[in-house]
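Hello,

Please read them alongside the coordinates.

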Amino acid sequence: MKRYRIAALFIIGLAYVGVNAQETYFGKNKVRYKDFEWSYIQTRHFDIHFYEEAYPTAKFAATVLESSYVEV
């Protein structure tokens, strides 16, 4: 009889640990912090801020923004 009680307590303990493990981590909603090296491109009318390897995209955005500004 004593073995059954110990086995039951052990199983309940494992279930409790499993439930708590699920509450502490849910990958999708976990906040992750990362340091970014911000830079910017300054055009005549705009300042375009970008980070890391986004320079080609920022340069393209600067060209499009300035040409759109002239049209408007």
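Below is what was found, from the overall fold down to single residues.

This is a predicted model: local features need pLDDT of at least 70, side-chain atom pairs count only at pLDDT 80 or more, and totals for chains, interfaces and linings use all residues. Residues are numbered from 1 along each chain as its sequence is written, and side-chain values use heavy atoms, with hydrogens and water left out.

Overall fold

The protein chain has two helices and two strands, in the order α-β-β-α along the sequence. Helices (H or I, at least four residues) and strands (E, at least two) are DSSP runs, numbered from the N terminus. Of the 72 residues, 10% count as buried. Here buried means under 20% relative accessible area, exposed over 50%, and partly exposed in between (1.4 Å probe, protein chains only). The chain exposes about 7200 Å², and carbon and sulfur atoms supply 60% of that area. Accessible areas come from the Shrake-Rupley method with a 1.4 Å probe; for residues, only the protein chains shown count as cover. Among contacts (heavy atoms within 4.5 Å) between residues at least 6 apart in sequence, 3% join residues at least 24 apart.

Core

The largest nonpolar core consists of five residues: I41, I48, F50, A58 and A62. Such a core is a set of buried Ala, Val, Leu, Ile, Met, Phe, Trp, Tyr and Cys residues joined through side-chain atoms within 4.5 Å. Strand 2 (47–51) and helix 2 (55–71) are the elements that give two or more residues to this core. Leaving aside neighbours within four places in sequence, A62 is in contact with I41, T43 and I48.

Surface patch and F36

F36, W38 and Y51 make a nonpolar surface patch of about 330 Å². Patches are made of residues with over 30% relative accessible area and no salt bridge; like charges are joined within 9 Å, and nonpolar side chains (Val, Leu, Ile, Met, Phe, Trp, Tyr) within 5 Å. F36 lies in the loop between helix 1 (2–24) and strand 1 (38–42) and is partly exposed, at 37% relative accessible area. Apart from neighbours within four places in sequence, F36 is in contact with Y51 and E52. Its C-alpha atom is 9.4 Å from that of F50, 14 residues apart along the chain.

Two glutamates

E52 lies in the loop between strand 2 and helix 2. Its phi is near 50°, a positive value in a residue other than glycine, and E52 is partly exposed, with a relative accessible area of 42%.

E66 is found in helix 2. E66 is buried yet has no salt bridge, and R44, the nearest side chain of opposite charge, is 6.5 Å away. A salt bridge is a side-chain nitrogen of Lys or Arg within 4 Å of a carboxyl oxygen of Asp or Glu; for charge, Lys and Arg count as positive and Asp and Glu as negative, while His and the chain ends are not counted. Not counting residues up to four places away in sequence, E66 touches T43, R44, H45 and F46.

Regards
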